[in-house]
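Trainee: I am new to this structure. Please walk me through it, one question at a time.

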Amino acid sequence: MWLLVAVVRVPMLQLSVAVSCAERGLRSHLLLRGEQPDVLTGYNLISTMYGNVTYVPRSLYADREEMLIRHAGLVAGSSGLVVSLNDMLEAPWIKQKGGRKVAIVNEGAGDSLALLGMIRLLCYLSENHLFGKERTVKFVVDAGTGTTAVGLGLGAICLGLPWEVTAVMLADSIEQYRKRELQLIFDFRRHFGFNLVHCSNRMDNGVVTWVERHQPRKFGNVIDRELEVCQQIAQQTGILVDPIYTLAAWELATSLSEKEERGGANVVMLHTGGMLGMFGLAQRYKSHFRTLKDQSNG
């Protein structure tokens with residue numbers, strides 16, 4: 001029986017892994033950063049309903065690779081087998097009689113396998129009843145690990161679409177994002193045999209434009225009045241964004257759309273979810289949410 005051990009910073013991916021495993025009869029072990037709340041809500045609650053959740057102290061979480069390998073080894077036991085998704089792609093014939101088999105899903109699904117999902121999304125969006133293949137489009141997305149952005153950028157090149165991808169960096173330096181981008185592209189070509197020589201000119205400068213957030217900060221922090229901005233956007237447009245991820249993409253997308261409004265490209269913000277994460281934020285940033293409550297009463 002296979003088990004999946006996943007460490008996911010992006011809550012939506014965490015939940016997707018757990019649900020997908022449950023549907024296929026697999027057991028998932030989810031490693032979450034920080035302390036377990038007194039009362040489970042939002043993603044913490046739903047993840048616990050679907051998978052086996054372990055809360056990891058922030059000091060240990062800092063070394064993701066070591067943390068994953070160590071926990072996977074504990075789950076597998078002395079007679080078990082631990083592999084990464086890359087191992088399974090490179091050696092699908094891996095077999096073992098008896099013992100537990102544990103597959104590791106990297107943080108933010110940061111593996112080349114995840115890029116296929118984004119390419120599939122672009123195939124759908126390029127259908128004639130949506131954006132088509134001729135219209136110029138600028139996609140904006142928030143970037144935790146950056147895997148989603150790289151998948152979009154790589155997909156646009158593979159499919160020959162006149163589309164650009166801009167990602168708002170949330171958790172690392174531009175050097176680290178570019179390093180991860182090159183590694184994902186390298187792994188993608190190695191695992192799936194895609195020959196990208198014909199479009200190498202478009203790849204010389206990377207497949208993603210990485211930009212700083214409007215108000216840079218340590219990942220996970222919420223700045224004063226950002227919740228009020230999220231509330232205003234929701235009330236005016238019906239679109240719910242959160243201050244950790246999607247607000248950053250919204251701010252950049254609205255800024256770009258103002259520059260492109262006179263016959264320029266279509267600016268499209270790809271909403272990455274994360275709404276259930278608002279419940280966790282309410283527990284961590286109580287003073288911010290109290291202000292939001294006071295304004296609503298006023």
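Trainee: Which residues does Thr166 touch, not counting residues up to four places away in sequence?
Mentor: This is a predicted model, so local features need pLDDT of at least 70, side-chain atom pairs count only at pLDDT 80 or more, and totals for chains, interfaces and linings use all residues. Residues are numbered from 1 along each chain as its sequence is written, and side-chain values use heavy atoms, leaving out hydrogens and water. Thr166 has its place in strand β7, strands being DSSP runs of E with at least two residues and helices runs of H or I with at least four, numbered from the N terminus. By contact (heavy atoms within 4.5 Å), Thr166 touches Phe139, Val140, Val141, Thr209, Val211 and Leu252.

Trainee: How many of the seven residues of β7 are buried?
Mentor: Thr166 belongs to this strand. β7 is mostly covered. The number of its buried residues is six.

Trainee: In what order do the four strands of the open sheet run?
Mentor: Two strands pair if DSSP finds at least two bridges between them. In this sheet the pairing is parallel. The edge strands are β8 and β9 (266-269), each pairing on one side only. From one side to the other, the order is β8-β7-β6-β9.

Trainee: How many bridges join β6 to β7?
Mentor: These two strands run parallel. In total, the bridges joining β6 to β7 number seven.

Trainee: What is the distance between the ring centres of Phe139 and Trp163?
Mentor: Rings of Phe, Tyr and Trp (its six-membered ring) pair if their centres lie within 6.5 Å; planes under 30 degrees apart are stacked, over 60 edge-to-face, and the rest tilted. The structure holds six aromatic pairs. The planes of Phe139 and Trp163 are at 55°, so this pair is tilted, and the distance between the centres is 5.3 Å.

Trainee: How many residues apart are Phe139 and Trp163?
Mentor: The pair links distant parts of the chain. Phe139 is in strand β6 (residues 137-143), and Trp163 is in strand β7 (residues 163-169). Both are buried. Their separation in residues is 24.

Trainee: Which residue do ring pairs link into a cluster with Phe139 and Trp163?
Mentor: The cluster is built from ring pairs. Phe139 and Trp163 are two of its members.

Trainee: What is the C-alpha to C-alpha distance between Leu270 and Val141?
Mentor: Leu270 has its place in the loop between β9 and α12 (277-284). It is buried, with a relative accessible area of 17%. Its contacts, not counting residues up to four places away in sequence, include Met118, Leu121, Val140 and Val141. Leu270 and Val141 are 129 residues apart in sequence, yet their C-alpha distance is 5.4 Å.

Trainee: Which side chain makes a polar contact with the side chain of Arg217?
Mentor: A polar contact is a pair of N or O atoms within 3.5 Å; within protein, one must be able to donate a hydrogen and the other to accept it, and residues adjacent in sequence count only if both atoms are side-chain atoms. Arg217 lies in the loop between β8 (209-211) and α10 (226-237), and at 19% relative accessibility it counts as buried. Its side chain reaches the backbone oxygen of Gln215 at 2.7 Å. At 2.6 Å, its side-chain partner is Glu226.

Trainee: What is the phi of Arg225?
Mentor: Arg225 lies in the loop between β8 and α10. It is exposed, with a relative accessible area of 53%. Arg225 is not a glycine, although its phi is positive, at about 75°.

Trainee: What share of the 298 residues in the protein is buried?
Mentor: The protein has 13 helices and nine strands. Among contacts with a separation of 6 or more, 72% come from residues 24 or more positions apart. The buried share of the residues is 45%.

Notes:
Buried < 20%, exposed > 50% of the residue type's maximum accessible area, 1.4 Å probe, protein only.
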